[in-house]
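Work through the exercises below with the structure open. Try each task before reading its solution.

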Amino acid sequence: MHSFDIATLAVRAGYDQTQEQENSEAIFPTSSFRYKSAAQAAARFNGEEKGNVYSRFTNPTVRAFENRLALMEGGEACVGTASGMSAILSTFMALCESGDHVVCSQSVFGTTKVLFNKYLSKFGLEVTFVSQTDVAEWGDAIQPNTKAFFLETPSNPLTEVADLSTISALAKANNCLLIVDNCFCTPILQRPLEQGADIIIHSATKFLDGQGRGIGGAVVGSNELVDEHVRGFMRTAGPSMSPFNAWIF
Ligand SMILES: Cc1ncc(COP(=O)(O)O)c(C=O)c1O
C-alpha cells in the first residue's frame, strides 16, 4: 500500500470525492437520508445493508473527519464527538463498568477530574490519581480491578510530559488499557498508538481546529474498542459531532 506523508494525509486522507469531482470537501448538513425504496430503507435500518441511516450514527462529513484522523493517528477507527469531554465520557461509559478502577494522571484537564469524581463515580467507577511523571506511582496504584490508565501528554495546563512507552508497557503487563489525550500535540507531533496506547482522545476544539471556531472531539483506536464499543455508546446516547463542525475541522 502507498504510504503518504502526514502533511498529505492532513489535507487529502479519508475523503471520497463525489461525482462532482470537487477539490475541497463537500458538506452534508443532513439529519437523515433518502432511500431508493421502502425495502432499502428497511434493510438499512435493520443493518442488512451498509450505509447511512441517521446522522446521530453516521454522516458523510463526519466520516471524512473520522477517516482522516484515524489515518493520521495510525488507528483502525475513529468516532467524532460533540466535544472533547464527550469523547472522554463516551470512552469510559463504553469500556468500563461499575466496580472497575482507573489510574489517572493528577495533571489532567480539571474538568476531566470533575467528570471522574462527580459523575462517573456515581456509576461505581473508582479512580486513583497519580503523578504524571513518577512511573512508580502508576505501578503502586494498580488493583485487581484496574481496567484502564488515563493521561494527557503534555498535560493542560502544566505541560507535564509522560513517559508513554514505559507507562504503556506497565499497562500491557497488567492487562489495562492505556487511554491518552493527545489534544496538545495532535498526530503531527505525537502518535501515541505507535508507543503502545490503545485509545487516543482529542478535544478537536484545540489544535485539530487550531483557529478557535468550534467545539468537537474524537476517539481513535481499534475497530473493536472504538467502532463497536465507543460508537455504540455514542449513537445511543447522542453526543455526536455536527457535520458543520466536522467540515471546519
Ligand atoms: C487536554 C484537554 N482534554 C479535553 C478537553 C475538553 O475538551 P472540550 O472543551 O472540547 O470538551 C480540554 C479542554 O480544554 C483539554 O485541554
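This is a predicted model: local features need pLDDT of at least 70, side-chain atom pairs count only at pLDDT 80 or more; totals for chains, interfaces and linings use all residues.

**Exercise 1. Ser-105**

Find the element that holds Ser-105, decide whether Ser-105 is buried or exposed, and list its contacts.

Solution. 
- Step 1: Locate the residue. Ser-105 belongs to strand β2, which covers residues 101-105.
- Step 2: Check its accessibility. The relative accessibility of Ser-105 is 0%, and buried means under 20%. Ser-105 is therefore buried.
- Step 3: Look for polar partners of the side chain. The side chain of Gln-132 makes a polar contact of 2.6 Å with that of Ser-105. A polar atom of the Ser-105 side chain also lies 3.0 Å from the backbone nitrogen of Ser-107.
- Step 4: List the contacts, leaving out residues up to four places away in sequence. Ser-105 then touches Phe-129, Val-130, Gln-132, Trp-138, Phe-150 and Leu-151.

**Exercise 2. The cavity**

How many cavities of 30 Å³ or more does the structure hold, and what lines the largest cavity?

Solution. 
- Step 1: Recall how empty space is found. Rolling a probe the size of a water molecule over the atoms shows where space is left.
- Step 2: Count. The structure holds 1 cavity of 30 Å³ or more. The largest cavity has about 60 Å³ of space.
- Step 3: Examine the lining. It has 13 residues, with Ser-55, Phe-57, Thr-58, Val-62 and Glu-66 nearest the centre.
- Step 4: Sort the lining by class. There are 4 nonpolar, 5 polar and 4 charged residues.
- Step 5: Trace the helices. α3 (60-73) and α9 (223-237) each supply at least two lining residues. α3 gives the most, with 3 residues.

**Exercise 3. Gly-232**

Where is Gly-232 found, and what separates its C-alpha atom from that of Ser-90?

Solution. 
- Step 1: Gly-232 is in helix α9.
- Step 2: Check its accessibility. Its relative accessible area is 26%, so Gly-232 is partly exposed.
- Step 3: Compare sequence and space. Gly-232 and Ser-90 are 142 residues apart along the chain, and 9.2 Å separates their C-alpha atoms.

How values were computed: Residues are numbered from 1 along each chain as its sequence is written. Side-chain values use heavy atoms; hydrogens and water are left out. Helices (H or I, at least four residues) and strands (E, at least two) are DSSP runs, numbered from the N terminus. Buried means under 20% relative accessible area, exposed over 50%, partly exposed in between (1.4 Å probe, protein chains only). A polar contact is a pair of N or O atoms within 3.5 Å; within protein, one must be able to donate a hydrogen and the other to accept it, and residues adjacent in sequence count only if both atoms are side-chain atoms. Contact means heavy atoms within 4.5 Å. On a 1 Å grid over the protein atoms alone, a cavity is a set of points where a 1.4 Å probe fits but cannot get out, and a pocket is an open set with protein on both sides within 12 Å along at least five of seven lines; lining residues have an atom within 4 Å of a point. Grid points are joined across faces, edges and corners, and a volume is the space filled by probe spheres set on the points. Ala, Val, Leu, Ile, Met, Phe, Trp, Tyr, Cys and Pro count as nonpolar, Asp, Glu, Lys and Arg as charged, and the others, Gly among them, as polar.
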